[in-house]
Amino acid sequence: MDLETLCQKIALPEELQREVFKFYYSDIFSLVKDYIVGLKKMKTEATARKELNDRLGRDEKRIKMLTCMLVCATEQYAWYKEKGIPDSYFFATMGCFTRFVKECEKITGICAFDREWWTARQLSGTLFRIGELEYEKIEKDSRKMISIHIPSDSLLTKECCDQSIADAKKFFKQYFSEYSDAEYICDSWLLAPELSLLLPETSHILAFQKRFSLQNVDYSGTEYIEWVFKTKDAKIADLPEETTLQKRMKQFLLGGGKIGSGFGIL
């Protein structure tokens, strides 16, 4: 797998493709390429990112880091082939890079890469996009589990979720048999019980919630603000009211309400 093919297959914006290739063919990349191998392992990615950041220098839009990670993705393709995993799963999974830069542009107005702390999961063969949802292999208290993540472009209809979950169970049984009987979990603001007060009964989000047995709710974070209001910094009073959910949630928050992150078992 070459870098140009990957960028085309995941539909990386042309503006970023030009910047990626400019850095890829530069002398600086030739000096740091030996440091990127650590990005492909969860145990070493944090150290590898730190070392790379020290050597990459100024990287305001994080294009240099994005390039390093895309190169890792091209190298990871061989691992997919060895496992016999179809290309469709590879490109769907690596499509996260395009999704992340588009999310960044929508929130900040700048087409940049701001999710380098997350993508080692995709590069290490730990997380996979299967249909509308993502599935991450994890171990907790020596128990193998599969954590479900909901990408921002997911369609949470009953049919789409049913298909994704069914395909995921087949996927792990075939390619990672040690996870065949793993418990499926989800930790997300989308499982917040307060959403039942803000959404209609016909909401796909509420239907998705009902798939899980809620275990606990954490109110320490505010990640929902970024996903619902497409901003990171606004005060509650300044949050937009462009959708029904935004309007209802803003009033709920202004009235002293809190939105938690729910942890549930499928």
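Me: Which helix does Glu 103 lie in?

Reply: In this predicted model, Glu 103 lies in helix α7, which covers residues 96–108.

Me: Why is Glu 103 called buried?

Reply: Its relative accessible area is 10%. Buried means under 20%, so with a value of 10% Glu 103 counts as buried.

Me: What is Glu 103 in contact with, leaving aside its neighbours within four places in sequence?

Reply: Glu 103 is in contact with Arg 115, Ser 152 and Trp 227. To be called a contact, heavy atoms have to be within 4.5 Å.

Me: Where else does Trp 227 turn up, and which residues lie nearest the centre of the largest pocket?

Reply: Trp 227 is one of the residues nearest that centre, together with Ile 150, Trp 189, Leu 190 and Glu 223. The lining has 37 residues, and the space in the pocket is about 1200 Å³. Among the elements that each supply at least two lining residues are α7, α11 (223–229) and β3 (143–149). The most comes from α11, with four residues.

Me: What makes up the lining of the largest pocket, by class?

Reply: There are 17 nonpolar, nine polar and eleven charged residues.

Me: How many charged residues does the lining of the second largest pocket have?

Reply: Seven, alongside three nonpolar and one polar. Glu 19, Lys 22, Arg 58 and Asp 59 are among the residues lining this pocket, and Asp, Glu, Lys and Arg are the types that count as charged. The volume of the second largest pocket is about 180 Å³.

Me: Which elements give two or more residues to the lining of the second largest pocket?

Reply: They are α2 (14–24) and α5 (63–83). The largest share, three residues, comes from α2.

Me: How do you describe two packed helices?

Reply: You give the angle between their axes and the distance between the axes. For α2 and α5, the axes come within 9 Å and cross at roughly 80°.

Me: Why is α2 called roughly perpendicular to α5?

Reply: Angles of 65 to 115 degrees count as roughly perpendicular. The crossing angle is roughly 80°, so α2 is roughly perpendicular to α5.

Me: Which residues make the contact of α2 with α5?

Reply: From α2 they are Leu 16, Glu 19, Val 20, Phe 23 and Tyr 24. The α5 side includes Ile 63, Lys 64 and Leu 66. By class, the contact has nine nonpolar, one polar and two charged residues.

Terms used:
Residues numbered from 1 in each chain as written. Predicted model: local features only at pLDDT ≥ 70, side-chain atom pairs only at ≥ 80, totals over all residues. Heavy atoms only, no water. Buried < 20%, exposed > 50% of the residue type's maximum accessible area, 1.4 Å probe, protein only. 1 Å grid on protein atoms, 1.4 Å probe; cavity = no way out; pocket = protein on both sides within 12 Å on 5 of 7 lines; lining within 4 Å. Points joined across faces, edges and corners; volume = space filled by probe spheres on them. Axes fitted to C-alpha atoms, helices over the stretch in contact; angles between N-to-C directions. Parallel < 35°, antiparallel > 145°, perpendicular 65-115°, else oblique.
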